[in-house]
Amino acid sequence: MTINSSIISLLVLAISVVSNIDIIEAARNNRFVTCGTVLKLQNVDYKVRLHSHDVKYGTGSGQQSVTATELQEDVNSHWAVKASTGKTCERGEPVKCGDTIRLHHLATNKNLHSHHFQSPLSGNQEISAYGNDQGEGDSGDHWLVVCSGDSWQRSNPVRLQHIDTDVYLGVSGRTFGRPINGQMEVIGLPNPYSGTEWIAAEGLFIHPTEKDSGARIHTEL
């Protein structure tokens, strides 16, 4: 082996080591939202968390309602990140910008959903929770992760665009009366403007380097 080829080999090895160190450090710092993560999504503009509960809409589709709440501790704000219907994602793998995902509501076994119905307060597109007893729905449960960079980082806002209808998950700023008094209306908006940015808040974050053992899962519930 020549001196030049030896130097090149050492450089390649050094770059590989540095890259692996970066990945491990990113995992330790819980930078990424990963497949299997259970999280609460906080709206950047309104400081409320995406929420659902076993309360049906009285208009529109009549499906399970999706709202937003100011309460940080509410257990009805936990959503699991899953692959699209019929697909799988490797547990602990970072969700990439441009991936299609489902958000599965843990408390009621439904999926974040949208379709061509009007929302009850503002007349925008309705957002609901949908699925059968096994938690399976349809293509209306699919959301495109719109973010900057390669992967969804916890510290960076993202937008979620509905695959079937192209609307962006957002908050109207209007609040409901009884029986969900004070909770905000969650809607689909045709443009990525005010109220459509979300950030990963509290949650159970699975590290990419720990997906096989499942031993060290970072929890901020």
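The following questions and answers concern the predicted model of this chain.

User: In what order do the elements of the chain run from the N terminus on?

Analyst: This is a predicted model, in which local features need pLDDT of at least 70, side-chain atom pairs count only at pLDDT 80 or more, and totals for chains, interfaces and linings use all residues. Residues are numbered from 1 along each chain as its sequence is written, and side-chain values use heavy atoms, with hydrogens and water left out. Helices (H or I, at least four residues) and strands (E, at least two) are DSSP runs, numbered from the N terminus; the chain has 1 helix and 13 strands. The order is α-β-β-β-β-β-β-β-β-β-β-β-β-β.

User: What percentage of the residues of the chain count as buried?

Analyst: Buried means under 20% relative accessible area, exposed over 50%, and partly exposed in between (1.4 Å probe, protein chains only). The chain has 221 residues, and the buried share is 44%.

User: Which cysteine does Cys35 join in a disulfide?

Analyst: A disulfide here is a pair of cysteine sulfur atoms within 2.5 Å, and the whole structure holds 2 disulfides. With an S to S distance of 1.9 Å, the partner of Cys35 is Cys89.

User: How many residues apart in sequence are the parts that the pair Cys35 and Cys89 ties together?

Analyst: The torsion about the S-S bond of Cys35 and Cys89 is about 65°, so this disulfide is right-handed. Cys35 lies in the loop between helix 1 (3–28) and strand 1 (38–43), and Cys89 in the loop between strand 4 (79–83) and strand 5 (100–105), so the parts tied together are separated in sequence by 54 residues.

User: Is the disulfide of Cys97 and Cys147 right-handed or left-handed?

Analyst: Cys97 and Cys147 are joined with an S to S distance of 1.9 Å. The torsion about their S-S bond is about -115°, so the disulfide is left-handed.

User: Over the ring of which residue does the charged end of Arg154 sit?

Analyst: A charge sits over a ring if NZ of Lys or CZ of Arg is within 6 Å of the ring centre and within 35 degrees of the ring normal. The charged end of Arg154 is 3.9 Å from the centre of the ring, which belongs to Phe205.
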